[in-house]
Structure formats: structure tokens, C-alpha cells
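Subject: Structure handover and notes

Dear colleague,

I am passing on the structure below, together with some notes on what was found in it. Please read the notes with the coordinates open beside them.

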Amino acid sequence: MPDYFHGYAVVGLAAVVGVLFVAAAFVAGRLLRPVVPTPEKLLTYECGVDPVGEGWAHTQIRYYVYAFLYVVFAVDSIFLFPWATVFADPGFGGVTLVEMFVFLGFLAVGLLYAWKKGVLAWT
């Protein structure tokens, strides 16, 4: 029984040491940093530009659509690499090939839908 819990004890000890290390770093930073609040330090900082006017800005929706399409195809590439390694294993060739074509078919339908809606046209 002690051998069974030994692995868990090592992981638990490593977790405790990690948490203590982070806590010590935060405490040391809190004790060693100078605390001199000035009005300039309390201003909102955005890319080196002083804040002027309201904080609301209008952004066109197409940028979000491009980001969404990027995420979809990034997920596609994440699934393609492991599939390529399993495809070479004996007994998985035909099944994985069909599954991947179904997956790629869904992505193609999504891409065709975006193309038909004119999302991919940069205006």
C-alpha cells in the first residue's frame, strides 16, 4: 500500500512546492517594490497613447468573422496532424480515411457558406 501512494505523494509535494514558490515570489515583490502612486501612474495606459474621449469604439463585425474562420481552420489543422499518424497504423486506414473526409466535408460546407455570404471578400 505505501508504494501505491508514493507516486501521489511526489506529485502532491511538487504541487505544494510550486504553490509556495509562487507565493514567496508575490510576497517578495510586494515587500521590495516602491509604492509611490502618482496621477500619471494611475492613468489608463493603452499602447503609449494617452486616453482621450470615450472608451467605446465601433469595430466592424467582419474582423470577428475573420477571427472565427481562423479558429475553425486552426482546429482543423489540430485534428489533421494526429489523424495522419493514426492513418498509418494497421487496421485504421479505411475507417480514419472516411472519418477525416466527413470532417473535411463539414469544414468545406462552412467555407462555402462563408464564401456565398460574401464574408471572404475584403471590401
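The notes below begin with the basis of the values and then go through the domains, the helices and a surface patch.

This is a predicted model, in which local features need pLDDT of at least 70 and side-chain atom pairs count only at pLDDT 80 or more, while totals for chains, interfaces and linings use all residues. Residues are numbered from 1 along each chain as its sequence is written, and side-chain values use heavy atoms, with hydrogens and water left out.

The chain is divided into domain 1 (1–37) and domain 2 (56–122), with bounds that come from an automatic or database domain assignment. Between the C-alpha centres of these two domains the distance is 41 Å.

Helix α1 covers residues 2–32 and contains Val-22; helices here are DSSP runs of H or I with at least four residues, numbered from the N terminus. Val-22 counts as partly exposed, at 42% relative accessibility, where buried means under 20% relative accessible area, exposed over 50%, and partly exposed in between (1.4 Å probe, protein chains only). Val-22 and Thr-59 are 37 residues apart along the chain, and their C-alpha atoms are separated by 38 Å.

Helix α2 contains Phe-68, which counts as exposed at 56% relative accessibility. The C-alpha atom of Phe-68 is separated by 21 Å from that of Met-100, 32 residues apart along the chain. In the loop between α2 and α3 one finds Asp-89, which is partly exposed with a relative accessible area of 36%. From Asp-89 to Trp-115 there are 26 residues in sequence and 36 Å in space, C-alpha to C-alpha.

Helix α3 has 24 residues and reaches 34 Å from its first C-alpha to its last, close to the 34 Å expected at 1.5 Å a residue, the expected span being 1.5 Å times one less than the number of residues. Thr-96, Met-100, Leu-107 and Ala-114 of α3 are buried, and the buried residues of this helix pack against α2 (61–87), with contact meaning heavy atoms within 4.5 Å. Just after α3, Gly-118 takes a positive phi of about 80°.

On the surface, Phe-73, Leu-111, Leu-112, Trp-115 and Leu-120 form a nonpolar patch with about 470 Å² of accessible area together.

Conventions:
Patch = residues over 30% accessible without salt bridge, like charges linked within 9 Å, V, L, I, M, F, W, Y side chains within 5 Å. Areas by Shrake-Rupley, 256 points an atom, 1.4 Å probe, with all protein chains shown as cover. Salt bridge = Lys/Arg side-chain N within 4 Å of Asp/Glu carboxyl O. Helix = DSSP H or I, 4+ residues; strand = E, 2+ residues; numbered from the N terminus.
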